[in-house]
Amino acid sequence: MDSPWGEDPLYAPEAGWNKISSEFTNAGYREGIIAGKEASLQEGFDMGFANVGVPIGRELGNLRGIASALVAYLSEDAHDLKLSEVEEARAISTSLSQIRFSDIAPGDLEAEQHAREHINDDPAISQTEELSQKRDMEILEDMLSQLAAEGTPRTRPTREDVAKLKERLVLLSTRLTLGPGSFMH
């Protein structure tokens, strides 16, 4: 007797077993790929965190802290300093406070290429909502800072700008005989 599903009733249990076996094999394959991607992502995160995020973030945080402490120290009435030194410390502190981590962190070219490949495959996944909101906020902040600067186009700071600010901070602390070696590494 012919089955409407094209199966021979005598071999139905075997066909069912083959189907289940095939589905478990496919599910296992998918789970293996997911586990591999997660392990790779974790390894990449760990390397980026240790080799990029922490060192750059620590350096920027230290510079901001030193500049802020110097401004507080110089602003006390007990110090008989030139106004230019206080203004210099404030200018350095202000400049450091306007630097975003994303301004000075090196780009992850491999991740950007991977994202571009997937964006081209599916435009619906071009950005997560969180990244989109962050980028929109940064654009608004940049527009606001350009308005405050009377329409003068302003570029985002770079690693070289941070190095120059660090140098200015070292020179200022040396002029004040605070000894840059004690707090600058």
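Predicted model: local features only at pLDDT ≥ 70, side-chain atom pairs only at ≥ 80, totals over all residues.
Local features need pLDDT of at least 70 and side-chain atom pairs count only at pLDDT 80 or more, while totals for chains, interfaces and linings use all residues. Residues are numbered from 1 along each chain as its sequence is written, and side-chain values use heavy atoms, with hydrogens and water left out.

**Overall fold**
- Along the sequence the pattern reads α-α-α-α-α-α.
- Of the 185 residues in the protein, 15% are buried (under 20% relative accessible area with a 1.4 Å probe, protein chains only; exposed is over 50%, and partly exposed lies in between).
- Among contacts (heavy atoms within 4.5 Å) with a separation of 6 or more, 69% join residues 24 or more positions apart.
- The protein exposes about 14100 Å², and carbon and sulfur atoms supply 58% of that area (Shrake-Rupley method, 1.4 Å probe; for residues, only the protein chains shown count as cover).

**Nonpolar core**
- The largest nonpolar core holds 19 residues, of which Leu70, Ile92, Leu96, Ile99 and Leu169 touch the most other members.
- Helix 1 (12-75), helix 2 and helix 6 (159-175) are the elements that give two or more residues to this core.
- Helix 1 supplies the largest share of this core, eight residues.
- Such a core is a set of buried Ala, Val, Leu, Ile, Met, Phe, Trp, Tyr and Cys residues joined through side-chain atoms within 4.5 Å.

**Leu63**
- Leu63 is part of helix 1 and is buried, with a relative accessible area of 3%.
- Leu63 and Lys166 are 103 residues apart in sequence, and their C-alpha atoms are 6.9 Å apart.

**Glu85**
- Glu85 belongs to helix 2 (residues 83-97).
- Glu85 is buried but has no salt bridge (a side-chain nitrogen of Lys or Arg within 4 Å of a carboxyl oxygen of Asp or Glu).
- The nearest side chain of opposite charge to Glu85 is Arg175, 4.1 Å away (Lys and Arg count as positive, Asp and Glu as negative; His and the chain ends are not counted).
- Apart from neighbours within four places in sequence, Glu85 contacts Leu74, Leu172, Arg175 and Leu176.

**Annotated segment**
- An unreviewed UniProt entry places the feature "domain: Essential protein Yae1 N-terminal" at residues 28-67 (positions in the numbering used here, feature names shortened; annotations may be inferred rather than shown by experiment).
- Residues 28-67 are 100% helix and 0% strand, with the end C-alpha atoms 55 Å apart.

Conventions:
Helix = DSSP H or I, 4+ residues; strand = E, 2+ residues; numbered from the N terminus.
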